[in-house]
Amino acid sequence: MDNKSFFAKYHNEGFTWHDNILISSILVWLFALGGSLVGELVLTPFVKLRSQEGFWSIFFMYLNTIGAWIFTMAYVCLTKYNKPIVKALWKDAKGNNVRMFLIGLASGFGMNALCALFAYLHKDIYIYYDHLDIVKFIALFIAVFIQSSSEELICRAFHYQRLRKGYKNPLVAIIGNGVVFMSLHLLNPGMNVMSMISILLIAVLYSLVIHYFDSIWFGMAAHAAWNFTQNILLGLPNSGIVSPYSVFKLDASTARSTWIYDVGFGVEGTLLANVVTAIAIVIVILLGRKFGRKELNVWEGFTYQTKKQMLEAQADALQNASVRTAAADVAISDVETNQNAEGDE
(Lines give C-alpha, C1' and ligand atoms only; values in the text may rest on other atoms or scores of the structure.)
Protein backbone atom coordinates (compact mmCIF):
# COMPACT_ATOMS: atom_id res chain seq x y z
CA MET A 1 0.00 0.00 0.00
CA ASP A 2 1.48 3.39 -0.99
CA ASN A 3 1.69 6.36 1.35
CA LYS A 4 -1.09 8.26 -0.39
CA SER A 5 -3.64 5.49 0.07
CA PHE A 6 -2.50 4.93 3.68
CA PHE A 7 -2.86 8.58 4.75
CA ALA A 8 -6.10 8.96 2.79
CA LYS A 9 -7.74 6.88 5.50
CA TYR A 10 -6.98 9.52 8.11
CA HIS A 11 -6.58 12.81 6.23
CA ASN A 12 -9.36 14.88 4.75
CA GLU A 13 -9.28 15.74 1.08
CA GLY A 14 -7.05 18.74 0.45
CA PHE A 15 -4.73 17.92 3.35
CA THR A 16 -1.52 19.98 3.19
CA TRP A 17 1.52 20.33 5.42
CA HIS A 18 -0.28 23.18 7.23
CA ASP A 19 -2.72 20.63 8.67
CA ASN A 20 -0.09 18.35 10.14
CA ILE A 21 -0.71 17.99 13.87
CA LEU A 22 2.95 18.66 14.71
CA ILE A 23 3.09 21.87 12.64
CA SER A 24 -0.15 23.28 14.08
CA SER A 25 0.94 22.33 17.62
CA ILE A 26 4.22 24.21 17.20
CA LEU A 27 2.25 27.23 16.02
CA VAL A 28 0.17 27.11 19.20
CA TRP A 29 3.35 27.42 21.26
CA LEU A 30 4.57 30.24 19.02
CA PHE A 31 1.27 32.09 19.54
CA ALA A 32 1.62 31.72 23.30
CA LEU A 33 5.23 32.93 23.34
CA GLY A 34 4.73 35.62 20.70
CA GLY A 35 1.58 36.80 22.42
CA SER A 36 3.46 37.16 25.69
CA LEU A 37 6.04 39.39 24.00
CA VAL A 38 3.36 41.49 22.32
CA GLY A 39 1.57 41.82 25.64
CA GLU A 40 4.74 43.10 27.26
CA LEU A 41 5.12 45.71 24.51
CA VAL A 42 1.48 46.82 24.75
CA LEU A 43 1.70 47.24 28.53
CA THR A 44 5.09 48.99 28.55
CA PRO A 45 3.52 52.38 29.44
CA PHE A 46 2.19 50.86 32.68
CA VAL A 47 5.50 49.55 33.99
CA LYS A 48 5.23 51.49 37.27
CA LEU A 49 1.73 50.25 38.01
CA ARG A 50 2.74 46.69 37.15
CA SER A 51 5.51 46.80 39.74
CA GLN A 52 3.02 47.51 42.53
CA GLU A 53 1.91 44.65 44.75
CA GLY A 54 -1.76 43.81 45.12
CA PHE A 55 -4.51 44.58 42.63
CA TRP A 56 -2.37 46.03 39.86
CA SER A 57 0.06 43.12 39.74
CA ILE A 58 -2.68 40.50 39.25
CA PHE A 59 -4.68 42.78 36.93
CA PHE A 60 -1.76 43.24 34.54
CA MET A 61 -0.73 39.60 34.83
CA TYR A 62 -4.09 38.62 33.34
CA LEU A 63 -4.28 41.60 30.97
CA ASN A 64 -0.88 40.73 29.49
CA THR A 65 -2.61 37.97 27.53
CA ILE A 66 -4.24 40.56 25.29
CA GLY A 67 -0.99 40.12 23.34
CA ALA A 68 -2.05 36.56 22.51
CA TRP A 69 -5.28 37.91 21.03
CA ILE A 70 -3.40 40.48 18.95
CA PHE A 71 -0.68 38.08 17.77
CA THR A 72 -3.01 35.17 16.95
CA MET A 73 -5.71 37.23 15.22
CA ALA A 74 -3.07 39.03 13.15
CA TYR A 75 -1.69 35.70 11.99
CA VAL A 76 -5.13 34.24 11.27
CA CYS A 77 -6.38 37.29 9.37
CA LEU A 78 -3.19 37.97 7.41
CA THR A 79 -2.61 34.42 6.19
CA LYS A 80 -4.94 33.21 3.45
CA TYR A 81 -4.87 29.65 4.69
CA ASN A 82 -6.26 30.54 8.14
CA LYS A 83 -8.87 33.20 7.39
CA PRO A 84 -11.84 30.75 7.52
CA ILE A 85 -11.12 30.21 11.24
CA VAL A 86 -12.55 33.67 11.96
CA LYS A 87 -16.02 32.29 11.19
CA ALA A 88 -15.78 29.99 14.23
CA LEU A 89 -15.44 33.03 16.50
CA TRP A 90 -18.58 34.88 15.53
CA LYS A 91 -22.21 34.19 14.70
CA ASP A 92 -21.49 32.10 11.62
CA ALA A 93 -21.29 29.38 14.27
CA LYS A 94 -24.92 29.10 15.40
CA GLY A 95 -23.98 28.17 18.95
CA ASN A 96 -22.22 31.47 19.49
CA ASN A 97 -25.12 33.25 21.13
CA VAL A 98 -26.02 34.91 24.43
CA ARG A 99 -27.75 31.77 25.71
CA MET A 100 -24.69 29.56 25.31
CA PHE A 101 -22.47 32.31 26.75
CA LEU A 102 -24.60 32.52 29.89
CA ILE A 103 -24.72 28.74 30.21
CA GLY A 104 -20.94 28.77 29.99
CA LEU A 105 -20.67 31.35 32.78
CA ALA A 106 -23.04 29.35 34.99
CA SER A 107 -21.19 26.10 34.26
CA GLY A 108 -17.74 27.51 35.02
CA PHE A 109 -18.93 29.12 38.24
CA GLY A 110 -21.01 26.12 39.33
CA MET A 111 -18.31 23.51 38.71
CA ASN A 112 -15.61 25.45 40.53
CA ALA A 113 -17.84 26.55 43.40
CA LEU A 114 -19.01 22.94 43.88
CA CYS A 115 -15.42 21.70 44.15
CA ALA A 116 -14.54 24.53 46.55
CA LEU A 117 -17.63 23.80 48.68
CA PHE A 118 -16.63 20.15 49.03
CA ALA A 119 -13.11 21.21 49.98
CA TYR A 120 -14.52 23.59 52.61
CA LEU A 121 -16.92 21.01 54.04
CA HIS A 122 -14.13 18.42 54.06
CA LYS A 123 -12.07 20.94 56.04
CA ASP A 124 -9.28 21.00 53.48
CA ILE A 125 -9.51 24.78 53.25
CA TYR A 126 -10.80 27.64 55.33
CA ILE A 127 -11.79 30.86 53.57
CA TYR A 128 -13.13 34.07 55.03
CA TYR A 129 -14.65 37.25 53.59
CA ASP A 130 -12.18 40.09 53.10
CA HIS A 131 -13.78 42.91 51.09
CA LEU A 132 -15.45 43.74 47.78
CA ASP A 133 -14.41 46.66 45.60
CA ILE A 134 -16.94 46.58 42.77
CA VAL A 135 -14.74 48.52 40.30
CA LYS A 136 -11.75 46.25 40.86
CA PHE A 137 -14.06 43.23 40.79
CA ILE A 138 -15.40 44.12 37.33
CA ALA A 139 -11.97 45.16 36.02
CA LEU A 140 -10.50 41.84 37.09
CA PHE A 141 -13.33 39.90 35.48
CA ILE A 142 -12.59 41.65 32.18
CA ALA A 143 -8.87 40.89 32.53
CA VAL A 144 -9.54 37.25 33.45
CA PHE A 145 -11.91 36.94 30.49
CA ILE A 146 -9.21 38.24 28.14
CA GLN A 147 -6.76 35.68 29.54
CA SER A 148 -9.16 32.72 29.43
CA SER A 149 -10.61 33.55 26.02
CA SER A 150 -7.11 33.98 24.56
CA GLU A 151 -6.37 30.36 25.46
CA GLU A 152 -9.68 29.31 23.88
CA LEU A 153 -8.78 31.34 20.78
CA ILE A 154 -5.44 29.61 20.38
CA CYS A 155 -6.49 26.06 21.26
CA ARG A 156 -10.23 25.73 20.58
CA ALA A 157 -10.38 28.07 17.59
CA PHE A 158 -7.07 27.92 15.76
CA HIS A 159 -5.73 24.48 16.73
CA TYR A 160 -9.08 22.69 16.86
CA GLN A 161 -10.17 24.01 13.47
CA ARG A 162 -6.84 23.25 11.81
CA LEU A 163 -7.04 19.66 13.04
CA ARG A 164 -10.68 19.40 11.93
CA LYS A 165 -9.59 20.41 8.45
CA GLY A 166 -6.74 17.95 8.32
CA TYR A 167 -8.12 14.80 9.92
CA LYS A 168 -11.30 12.82 9.32
CA ASN A 169 -11.79 11.64 12.90
CA PRO A 170 -12.99 14.54 15.13
CA LEU A 171 -11.26 12.91 18.11
CA VAL A 172 -7.93 14.06 16.65
CA ALA A 173 -9.06 17.67 17.08
CA ILE A 174 -10.90 17.10 20.37
CA ILE A 175 -8.06 15.30 22.14
CA GLY A 176 -5.15 16.72 20.13
CA ASN A 177 -5.80 20.34 21.05
CA GLY A 178 -6.38 19.26 24.64
CA VAL A 179 -2.94 17.66 24.91
CA VAL A 180 -1.27 20.80 23.56
CA PHE A 181 -3.42 22.97 25.87
CA MET A 182 -2.20 20.89 28.78
CA SER A 183 1.41 21.26 27.62
CA LEU A 184 1.09 25.05 27.81
CA HIS A 185 0.57 24.71 31.57
CA LEU A 186 3.43 22.32 32.32
CA LEU A 187 5.58 25.06 33.86
CA ASN A 188 2.84 26.34 36.17
CA PRO A 189 3.59 26.18 39.93
CA GLY A 190 2.32 23.00 41.58
CA MET A 191 1.87 21.08 38.33
CA ASN A 192 1.54 17.31 38.79
CA VAL A 193 -0.06 14.30 37.11
CA MET A 194 -3.51 14.93 38.56
CA SER A 195 -3.50 18.59 37.49
CA MET A 196 -2.33 17.56 34.01
CA ILE A 197 -5.35 15.26 33.76
CA SER A 198 -7.62 18.07 35.01
CA ILE A 199 -6.44 20.48 32.32
CA LEU A 200 -6.72 17.85 29.59
CA LEU A 201 -10.28 16.93 30.64
CA ILE A 202 -11.46 20.54 30.73
CA ALA A 203 -10.03 21.06 27.24
CA VAL A 204 -11.90 17.97 26.01
CA LEU A 205 -15.10 19.31 27.58
CA TYR A 206 -14.87 22.67 25.81
CA SER A 207 -13.97 20.96 22.52
CA LEU A 208 -16.98 18.67 22.78
CA VAL A 209 -19.25 21.69 23.22
CA ILE A 210 -17.88 23.04 19.93
CA HIS A 211 -18.35 19.65 18.27
CA TYR A 212 -21.91 19.10 19.48
CA PHE A 213 -23.24 22.63 20.02
CA ASP A 214 -21.08 24.72 17.66
CA SER A 215 -20.09 27.20 20.36
CA ILE A 216 -16.68 28.48 21.34
CA TRP A 217 -18.43 31.23 23.32
CA PHE A 218 -19.45 28.61 25.88
CA GLY A 219 -15.81 27.63 26.45
CA MET A 220 -14.63 31.23 26.68
CA ALA A 221 -17.31 32.03 29.28
CA ALA A 222 -16.89 28.80 31.27
CA HIS A 223 -13.10 29.10 31.29
CA ALA A 224 -13.26 32.70 32.51
CA ALA A 225 -15.89 31.91 35.16
CA TRP A 226 -13.86 28.96 36.49
CA ASN A 227 -10.64 31.02 36.78
CA PHE A 228 -12.39 34.06 38.20
CA THR A 229 -14.38 32.10 40.79
CA GLN A 230 -11.33 30.21 41.96
CA ASN A 231 -8.77 33.00 41.95
CA ILE A 232 -10.55 36.33 42.39
CA LEU A 233 -13.78 35.43 44.17
CA LEU A 234 -12.59 32.66 46.52
CA GLY A 235 -8.88 33.50 46.74
CA LEU A 236 -7.72 29.96 45.85
CA PRO A 237 -4.73 29.08 43.67
CA ASN A 238 -5.52 29.16 39.95
CA SER A 239 -3.20 26.76 38.14
CA GLY A 240 -0.82 27.28 41.04
CA ILE A 241 -1.03 31.09 41.05
CA VAL A 242 -2.49 32.89 44.10
CA SER A 243 -4.01 36.33 43.55
CA PRO A 244 -2.96 39.09 45.96
CA TYR A 245 -6.45 40.53 45.54
CA SER A 246 -9.63 38.52 46.14
CA VAL A 247 -13.07 38.92 47.69
CA PHE A 248 -12.52 35.95 50.01
CA LYS A 249 -9.16 34.97 51.46
CA LEU A 250 -7.67 31.54 51.99
CA ASP A 251 -6.10 30.71 55.32
CA ALA A 252 -3.12 28.97 53.69
CA SER A 253 -1.75 27.74 57.03
CA THR A 254 -4.74 25.42 57.50
CA ALA A 255 -4.97 24.13 53.90
CA ARG A 256 -4.18 20.49 53.23
CA SER A 257 -3.86 18.32 50.15
CA THR A 258 -6.45 15.56 49.75
CA TRP A 259 -8.42 14.03 46.87
CA ILE A 260 -10.57 17.20 46.99
CA TYR A 261 -7.96 19.94 47.27
CA ASP A 262 -4.32 20.40 46.24
CA VAL A 263 -2.33 22.96 48.22
CA GLY A 264 -0.09 23.77 45.26
CA PHE A 265 -2.64 23.83 42.47
CA GLY A 266 -6.07 24.44 43.98
CA VAL A 267 -9.29 22.52 43.51
CA GLU A 268 -8.66 21.87 39.81
CA GLY A 269 -5.70 19.56 40.37
CA THR A 270 -7.72 16.94 42.23
CA LEU A 271 -9.61 13.70 41.77
CA LEU A 272 -12.88 15.45 42.65
CA ALA A 273 -12.41 18.09 39.94
CA ASN A 274 -11.64 15.35 37.42
CA VAL A 275 -14.79 13.45 38.38
CA VAL A 276 -16.90 16.61 38.11
CA THR A 277 -15.42 17.40 34.68
CA ALA A 278 -15.87 13.79 33.52
CA ILE A 279 -19.54 13.95 34.51
CA ALA A 280 -19.87 17.22 32.57
CA ILE A 281 -18.29 15.52 29.54
CA VAL A 282 -20.81 12.68 29.70
CA ILE A 283 -23.68 15.17 29.99
CA VAL A 284 -22.45 17.13 26.96
CA ILE A 285 -22.14 13.94 24.89
CA LEU A 286 -25.62 12.70 25.86
CA LEU A 287 -27.27 16.09 25.29
CA GLY A 288 -25.26 16.65 22.15
CA ARG A 289 -26.34 13.38 20.59
CA LYS A 290 -29.98 14.15 21.36
CA PHE A 291 -30.25 17.92 20.94
CA GLY A 292 -26.97 19.02 19.35
CA ARG A 293 -26.63 20.95 16.13
CA LYS A 294 -24.37 20.31 13.15
CA GLU A 295 -20.93 21.79 13.73
CA LEU A 296 -19.99 24.63 11.39
CA ASN A 297 -17.50 23.56 8.75
CA VAL A 298 -15.46 26.73 8.45
CA TRP A 299 -13.50 25.20 5.57
CA GLU A 300 -16.52 24.57 3.34
CA GLY A 301 -15.85 26.09 -0.09
CA PHE A 302 -12.25 26.87 0.86
CA THR A 303 -9.59 25.79 -1.63
CA TYR A 304 -5.86 26.02 -1.19
CA GLN A 305 -2.97 24.34 -2.95
CA THR A 306 0.66 24.14 -1.93
CA LYS A 307 3.29 24.95 -4.56
CA LYS A 308 3.87 21.23 -5.05
CA GLN A 309 0.15 20.59 -5.51
CA MET A 310 -0.11 23.49 -7.98
CA LEU A 311 2.78 22.09 -10.03
CA GLU A 312 1.19 18.63 -9.94
CA ALA A 313 -2.14 20.08 -11.04
CA GLN A 314 -0.47 21.99 -13.86
CA ALA A 315 1.38 18.86 -14.96
CA ASP A 316 -1.88 16.88 -14.93
CA ALA A 317 -3.60 19.62 -16.93
CA LEU A 318 -0.79 19.64 -19.52
CA GLN A 319 -0.87 15.88 -19.72
CA ASN A 320 -4.64 15.87 -20.20
CA ALA A 321 -4.32 18.61 -22.82
CA SER A 322 -1.69 16.57 -24.64
CA VAL A 323 -3.94 13.52 -24.57
CA ARG A 324 -6.85 15.55 -25.91
CA THR A 325 -4.64 17.06 -28.63
CA ALA A 326 -3.33 13.65 -29.63
CA ALA A 327 -6.88 12.28 -29.75
CA ALA A 328 -7.97 15.21 -31.89
CA ASP A 329 -5.03 14.67 -34.24
CA VAL A 330 -5.98 11.01 -34.58
CA ALA A 331 -9.60 11.95 -35.28
CA ILE A 332 -8.56 14.49 -37.92
CA SER A 333 -6.21 11.96 -39.47
CA ASP A 334 -9.04 9.41 -39.62
CA VAL A 335 -11.32 11.94 -41.31
CA GLU A 336 -8.69 12.85 -43.86
CA THR A 337 -8.02 9.16 -44.56
CA ASN A 338 -11.71 8.52 -45.09
CA GLN A 339 -12.02 11.55 -47.39
CA ASN A 340 -9.03 10.39 -49.44
CA ALA A 341 -10.50 6.91 -49.69
CA GLU A 342 -13.83 8.33 -50.91
CA GLY A 343 -11.95 10.49 -53.48
CA ASP A 344 -10.08 7.47 -54.82
CA GLU A 345 -13.37 5.70 -55.32
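A cavity is a set of grid points where a 1.4 Å probe fits but cannot get out, and its lining residues have an atom within 4 Å of a point. In this predicted model, the largest cavity is lined by Ala88, Ala93, Arg156, Ala157, Gln161, Ile210, Asp214, Ser215, Ile216, Glu295, Leu296 and Val298. Its volume comes to about 60 Å³, and the structure holds one cavity of 30 Å³ or more. Sorted by class, the lining of this cavity has seven nonpolar, two polar and three charged residues. Helix H7 gives the most to that lining, with three residues.

Gln161 is found in helix H7. Is Gln161 buried or exposed? With a relative accessibility of 4%, Gln161 counts as buried, because buried means under 20% relative accessible area. Setting aside neighbours within four places in sequence, Gln161 is in contact with Ile85, Ala88, Ile210, Glu295, Val298 and Trp299.

Now for the whole chain. The protein has 345 residues, and buried ones make up 46% of them. There are twelve helices and two strands, and from the N terminus on, the elements run α-α-α-α-α-α-β-α-α-α-α-β-α-α. Take the contacts between residues at least 6 apart in sequence: 78% of these join residues at least 24 apart.

On to the inside. The largest nonpolar core has 66 residues, and Ile125, Leu205, Leu236 and Tyr261 touch the most other members. Elements giving two or more residues to this core are H2, helix H5 (66–78), helix H6 (98–121), H7, helix H8 (170–183), H9, H10 and helix H11 (271–291). Which element gives the largest share of this core? That is H9, with eleven residues. Ile125, for its part, is in contact with Ala116, Ala119, Tyr120, Leu236, Leu250, Ala255 and Tyr261, once neighbours within four places in sequence are left aside. There is also a second, separate core of 15 residues, which includes Phe59, Ala139, Ile146 and Ile232.

Helix H9 also holds Leu201. Leu201 is partly exposed, with a relative accessible area of 21%. Not counting residues up to four places away in sequence, Leu201 touches Asn274, Thr277 and Ile281. Leu201 and Thr277 sit 76 residues apart in sequence, yet their C-alpha atoms are 6.6 Å apart in space.

Finally, there is the largest pocket, which holds about 900 Å³ of space. The pocket is lined by 31 residues, and Gln147, Glu151, Leu184, His185 and Asn188 lie nearest its centre. Helix H2 (21–42), helix H4 (55–63), helix H7 (134–166), helix H9 (193–213) and helix H10 (216–233) are the elements that give two or more residues to this lining. The largest share, five residues, comes from H2. By class, the pocket's lining has 15 nonpolar, 14 polar and two charged residues.

Terms used
Residues numbered from 1 in each chain as written. Predicted model: local features only at pLDDT ≥ 70, side-chain atom pairs only at ≥ 80, totals over all residues. Heavy atoms only, no water. 1 Å grid on protein atoms, 1.4 Å probe; cavity = no way out; pocket = protein on both sides within 12 Å on 5 of 7 lines; lining within 4 Å. Points joined across faces, edges and corners; volume = space filled by probe spheres on them. Helix = DSSP H or I, 4+ residues; strand = E, 2+ residues; numbered from the N terminus. Nonpolar A, V, L, I, M, F, W, Y, C, P; charged D, E, K, R; others polar. Buried < 20%, exposed > 50% of the residue type's maximum accessible area, 1.4 Å probe, protein only. Contact = heavy atoms within 4.5 Å. Core = buried A, V, L, I, M, F, W, Y, C linked by side-chain atoms within 4.5 Å.
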